[in-house]
Amino acid sequence: MGRRSEKFASVFIYSDELANYEYSSTHPFKPIRAKLTLDLCRRYDLIERPWIRLIKPQPLNFEELAEFHDETYLKTLQAIDSSATAKELWPDVSSSRKEDSLTLDPQILQYELGTDDNPIFSGVYDFSALTAGATDLGAKMVASGEVQVAFNPVGGFHHAARNHAEGFCYVNDVAVTITHLLKEGLRVAFVDIDAHHGNGVQDAFYRDNRVLVISFHETGRGIYPGSGFENEIGEGKGRGFNVNVPLPEKTDDEAFVRAFEEIVPPLLDAYAPDMVIAELGADTHIADPLTHLSMTNNGYCQAVKTLAQCAPRILALGGGGYDLYKTARSWTLAWAILNDLEPRDEYVGIIGGMMFGPEIEVGDLYDKTVYTTGIIKERINKEIDRILDFVKQNVFPIHKIH
Ligand SMILES: [Zn+2]
């Protein structure tokens with residue numbers, strides 16, 4: 001039975017302004033994925049429904065961002081941006097390599113701005129404030145009960161710290177929004193299936209039991225940010241409220257789904273949050289150029305289905321995903337699942353698929369499942385068993401899960 005009742009309402013948060021920002025022509029993070037996703041959702045008849053609204057976000061103001069972020073850091077980011085053309089001020093910034101930028105203002109380096117990962121581009125502050133505004137808007141609408149589902153594809157900047165940029169993230173929209181929700185007295189669960197560990201969100205609430213943070217990601221042994229191991233379970237009051245499931249390289253759908261199903265439903269059930277924020281990064285895909293997992297959108301969709309069942313009120317965020325078309329497909333499927341719809345190609349055979357990549361990727365949104373086999377799969381299963389045992393022994397008892 002579907003989740004859609006008569007009162008069900010959802011919102012897709014989008015504006016061309018937000019999608020059109022560009023870090024640089026060569027930077028892997030592309031906000032335009034949001035437009036590709038909306039186009040694909042339209043093609044699959046997932047937007048024009050009576051309960052679905054498409055809403056434009058507004059930026060958060062300085063004070064709202066400063067409820068989480070360090071003011072001096074924000075002011076620096078703002079100054080760089082409002083001097084508009086960063087290029088005029090610091091001619092080398094956008095093109096310089098990290099080691100070359102040592103000649104720059106040391107303050108900027110301290111904030112990890114002007115690096116390969118976090119270039120200074122025109123509009124960087126406004127972009128960041130707008131992404132946080134989009135996430136905050138979705139959270140408010142879900143928290144108030146106006147909608148049960150919200151989706152902000154250009155959200156989930158989970159690496160940004162209170163006082164510096166990191167990993168393509170300048171402002172941590174997740175931490176800013178959770179800070180606002182906590183002020184309202186809400187209990188929040190953050191479930192992150194992006195391929196990278198959400199270190200910024202983990203650090204923000206590591207000693208807090210009002211936020212349950214659960215992250216599934218490729219192990220930090222071989223990939224940025226090098227954190228997110230199973231023994232990082234929170235401290236003080238927050239002990240047991242931070243859960244990491246680091247996945248070995250080449251983890252496939254089957255292994256991921258098994259881990260997800262054993263960890264997420266019991267924890268969400270026990271914690272009973274007022275709302276769930278889900279970071280649905282699509283960079284776990286086998287085709288993703290920045291990661292080493294072997295998942296397809298089938299495993300991804302299973303996780304989204306489980307989340308939709310466990311969380312009656314959910315704000316979904318896009319996160320990473322560096323194969324543009326694969327990411328648009330994954331997010332389109334996630335949007336369909338959250339709205340309890342079956343995607344149906346409205347234009348099949350009528351127009352070409354140029355906008356969405358090769359036509360072969362359009363007719364059916366679902367991938368063919370890929371299985372890791374042999375000794376590698378055995379090792380993956382063993383490692384996942386070890387991690388699941390650790391979480392069940394060290395975290396589950398804190399939540400009285402037996
Ligand atoms: Zn990622």
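Select helices α11 (residues 297-310) and α12 (324-338) to begin: their axes come within 9 Å and cross at roughly 30 degrees, where helices are DSSP runs of H or I with at least four residues and strands are runs of E with at least two, both numbered from the N terminus. The axes are lines fitted to C-alpha atoms over the stretch in contact, and angles run from 0 to 180 degrees between N-to-C directions. α11 and α12 are therefore roughly parallel to each other, a term for angles under 35 degrees. The crossing of α11 past α12 is right-handed, which is to say that the near helix is turned clockwise from the far one by less than a right angle.

This is a predicted model, in which local features need pLDDT of at least 70 and side-chain atom pairs count only at pLDDT 80 or more, while totals for chains, interfaces and linings use all residues. Residues are numbered from 1 along each chain as its sequence is written.

Now show the side chains between the two helices. On α11 the contact is made by N297, Y300, C301, V304, K305 and A308, and on α12 by R329, S330, L333, A334, I337 and L338, contact being C-beta atoms, placed from the backbone, within 7 Å. By class, the contact of α11 with α12 has 8 nonpolar, 2 polar and 2 charged residues; Ala, Val, Leu, Ile, Met, Phe, Trp, Tyr, Cys and Pro count as nonpolar, Asp, Glu, Lys and Arg as charged, and the others, Gly among them, as polar.

Then select α2 (33-43), where 9 of the 11 residues are buried, among them L36, L38, L40 and C41. What covers these buried residues includes α1 (16-19) and α12.

Finish at P225, in the loop between β5 (211-218) and β6 (242-247), where a cis peptide bond, with omega about 0 degrees, joins Y224 and P225. Most residues other than glycine have a negative phi, and most peptide bonds are trans.

Notes
Parallel < 35°, antiparallel > 145°, perpendicular 65-115°, else oblique. Buried ≥ 20, exposed ≤ 12 C-beta atoms within 10 Å, placed from the backbone.
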